[in-house]
Amino acid sequence: MNSQGLLALTLRSATAATLAASGYIHARLYVDEYRFVHIVGPLFLLQASVSFALGALLLVGTPPLLLRAAVAGVALGALGGFTASRTVGVFGFTEHGLQPAPQALLSLFAETGTLLLLAIWQMTVTRQHHAARPPIATPTWNRAETRTPPN
């Protein structure tokens with residue numbers, strides 16, 4: 001396996017791990033604290049389920065751009081829900097600071113890590129794509145040895 005393949009495997013596995021960590025935290029919060037909170041509780045369970053499913057899909061093989069976008073959407077949605085629950089509230093539910101501790105902070109680290117890994121992964125994919133392109137040919141009439149353009 002070449003270094004690019006190893007890098008892709010490492011990024012894919014690390015992204016799946018941070019996504020699964022976020023899913024685990026949300027599943028534990030659902031079971032321990034939020035299962036009886038109207039609407040918000042089931043959203044925690046949904047986030048955990050989707051995180052585990054997408055993490056498994058990441059491990060199966062090289063994901064298409066759509067799968068990476070879905071992973072980013074889940075991480076952004078969790079961060080958005082976290083922010084909303086501490087500012088305007090989510091369906092009447094509000095929290096304060098980094099409570100419950102330590103799950104709130106760990107969740108922030110997992111979701112931010114997921115987004116950071118996805119950004120690095122996308123940069124490497126883009127760089128590999130640009131490196132694989134053939135160089136653009138210069139027209140003959142534009143070369144230095146030819147002084148006049150064709151008629």
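Ala48 lies in helix α2, where helices are DSSP runs of H or I with at least four residues, strands are runs of E with at least two, and both are numbered from the N terminus. The model is a predicted one, in which local features need pLDDT of at least 70 and side-chain atom pairs count only at pLDDT 80 or more, while totals for chains, interfaces and linings use all residues. Residues are numbered from 1 along each chain as its sequence is written, and side-chain values use heavy atoms, with hydrogens and water left out.

Ala48 has a relative accessibility of 2% and therefore counts as buried (buried is under 20% relative accessible area, exposed is over 50%, and partly exposed is in between, with a 1.4 Å probe and protein chains only). Its C-alpha is 9.8 Å from that of Leu29, a residue 19 positions away in sequence. Helix α2 also holds Gly55, which is buried at 6% relative accessibility.

The protein chain as a whole has four helices and zero strands, in the order α-α-α-α from the N terminus. It comprises 151 residues, and 34% of them count as buried.

A pocket is found on a 1 Å grid over the protein atoms alone: it is an open set of points where a 1.4 Å probe fits, with protein on both sides within 12 Å along at least five of seven lines, and lining residues have an atom within 4 Å of a point. The volume is the space filled by probe spheres set on the points, which are joined across faces, edges and corners. For the largest pocket this space is about 410 Å³. Its lining has 25 residues, and His26, Phe44, Ala78, Gly81 and Phe82 are the ones nearest the centre. At least two lining residues come from each of α1 (3–34), α2 (40–60), α3 (65–86) and α4 (103–132), and α3 gives the most, with seven. By residue class, the lining has 14 nonpolar, eight polar and three charged members (Ala, Val, Leu, Ile, Met, Phe, Trp, Tyr, Cys and Pro are nonpolar, Asp, Glu, Lys and Arg are charged, and the others, including Gly, are polar).

Leu43, found in helix α2, is partly exposed at 37% relative accessible area.

Side chains of opposite charge can pair when their charged atoms come close. A salt bridge is a side-chain nitrogen of Lys or Arg within 4 Å of a carboxyl oxygen of Asp or Glu, and the count here is two. One joins Arg28 and Asp32, with 2.9 Å from N to O. These residues are four apart in helix α1, so about one helical turn separates them. Arg28 is partly exposed at 35% relative accessibility, and Asp32 is partly exposed at 45%. Arg86 and Glu95 form a salt bridge with their closest N and O atoms 3.0 Å apart; both of these residues are buried.
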